[in-house]
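Me: Could you take a close look at the pockets for me? I'd like one connected walk through what lines them.

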Amino acid sequence: MTNPLPAWSALQTHYEQIRNEQMRDWFAPANDPAPTRAERYTYAGGGIAADFSKNRINDTTLKLLVQLAREAGVEQRRDAMFAGEVVNPTEGRAALHTALRATEPNAPFHAQVLAEKAKMAKFADAVRSGAWTGYTGKRIRHVVNIGIGGSDLGPKMVVHALKHLETPELDSHFVSNVDGADLWRVIEDIDPEETLAIIVSKTFTTLETMTNARSMRDWFVKAGCPEDALAKHFVGVSANPAEVVKFGIAKENVFEMWDWVGGRYSLWSAVGLSIMIAIGPQQFDELLAGAHDMDEHFRTAPLEKNLPVLLGMIGIWYRNFFGSQSYLVAPYSEALHYLPSYLQQLEMESNGKQARLDGKFVDYATSAITWGEPGTNGQHAFFQMLHQGTTIVPIDFIAVLTPEHPLADHHPKLLANCFAQSEAMMLGRTEEEAKKIAGPDKPELVPHIMFPGNRPTTTLLVDALTARSLGALIALYEHKVLVQASVWNINPFDQWGVELGKILGKVVEADLTAASGDVKAHDSSTSALIARARAALKR
């Protein structure tokens, strides 16, 4: 792979120099004078502390990574985004998700954002108080968010994470999959007289979302809701209000999305209406405030102490120099169960690109595969591979120091597992240590109980899982994406790769449901699959 930036070449040389060094040696007392390695490589911002010390880095590594960030124009790309310049050139758009949580009166679209948020708050308060009722006069007790991608993953992740702040009078549900089982499992457990559906789609033409929306509308009508009363049970969030009204939603119940906010960055907007209804306008403001805290840190902190920059550049270090193909997000918090799924879209839809900003193809790796599962579940599933497998997978551990539940005796066990796993990943178990454990009678066990160690981890700490700390955590990863995109010289704000499957999907659906036996020409595999499915659908 090639990159013309001087720091890239310097990092390649540096990688060859330290690639075989062991982190456990760096932590040895003789090599770890005061201030300790942990102290030197722990940074804080936006209410989050990040311990980078268990990474395969030293002072030179960090110096060169920061130099690379500067040479790649991270600061310029950051400032252009905050200023509302066109940073999504393939679609000719700004990317102003940060404006949704800005407090400065001169922030782009500030008055527009405040007006929409006030409209959201008025509606949310009406639902939460019981003033908004269904067609029979019953208060709303179930809120069903129907969307997909960014219109689902962000709100679902946040509502689940902040369930301890949710009003007990309401239950939140999320439907995204066009598989009817997703919607059916929800409507089996709810009462149409007490249900509000929020349809979230920028175009209001998204196949999955509109299929589910129409099916839910049919369910209401079959349950006895008059057509002219459906407006009591449906609201829409879209950039296409005409289509929302055409669907049957009252014009005053349409909440606006803007083309300067991408779907995967949109939970801070009216897309987060389900969040605001669940936790209330005040807590929603706290979520925005936490994101703004991280925005300010990203804008003002020196690159050498800037959390999004360091997190992003260390990711570059493993992806482009160590050749790591994936990285793991392991939140030791069941409340953050959906965070890895959310980050999968945020990172891979943003930076899973092969074309540079100048239209030429990259000849270096871009987005790593993002995956994860909450601890301690993952320890009993795939951590075996992380410890002793042949693939090095960098890990982000996320720990919440104060539990949001009353079962306090569980929490030390949870934190102990998190911290112990990062220690074990770093230390490993040497051959000599394995021999002592195996004993002289079972030398054949030694290879099986050795651990190579030297597996890199970053530990992110938040004091408590509040709306504010969650907002900061999400914004941290948003800005990490921009940092990496700047180094890779790609556009993180479009997603053309999503379109081809949608286009072909419409053709295949027409062939599956056509009355005649004639179907359009496909490759032999797709044609055979269509034929089998047609036969099954006719049974």
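**Pocket linings**

Reply: In the second largest pocket, α7 (153–161) and α16 (410–427) each put at least two residues into the lining. Of these, α16 is the top contributor, with three residues. Bear in mind that this is a predicted model. The pocket holds about 350 Å³, and 18 residues line it, with S333, E334, A335, E404 and H405 closest to the centre. Sorted by class, that lining comes out as nine polar, six nonpolar and three charged residues.

Now for the largest pocket, where the space comes to about 1,100 Å³. Its lining has 41 residues, and those closest to the centre are T206, Q495, V498, E499 and K502. The elements giving two or more residues here are α9 (207–222), α14 (339–351) and α20 (499–513). The biggest share is from α20, which brings six residues. By class, the lining of the largest pocket splits into 16 polar, 15 nonpolar and 10 charged residues.

Helix α6 (residues 110–129) meets helix α12 (residues 281–300) at about 140 degrees, their axes 10 Å apart. Anything over 145 degrees would count as roughly antiparallel, so this angle makes α6 oblique to α12. Six of the contact residues are nonpolar and four are charged, with no polar ones.

Conventions
Residues are numbered from 1 along each chain as its sequence is written. This is a predicted model: local features need pLDDT of at least 70, side-chain atom pairs count only at pLDDT 80 or more; totals for chains, interfaces and linings use all residues. Side-chain values use heavy atoms; hydrogens and water are left out. Axes are lines fitted to C-alpha atoms, for helices over the stretch in contact, and angles run from 0 to 180 degrees between N-to-C directions. Helices (H or I, at least four residues) and strands (E, at least two) are DSSP runs, numbered from the N terminus. Angles under 35 degrees count as roughly parallel, over 145 as roughly antiparallel, 65 to 115 as roughly perpendicular and the rest as oblique. Ala, Val, Leu, Ile, Met, Phe, Trp, Tyr, Cys and Pro count as nonpolar, Asp, Glu, Lys and Arg as charged, and the others, Gly among them, as polar. On a 1 Å grid over the protein atoms alone, a cavity is a set of points where a 1.4 Å probe fits but cannot get out, and a pocket is an open set with protein on both sides within 12 Å along at least five of seven lines; lining residues have an atom within 4 Å of a point. Grid points are joined across faces, edges and corners, and a volume is the space filled by probe spheres set on the points.
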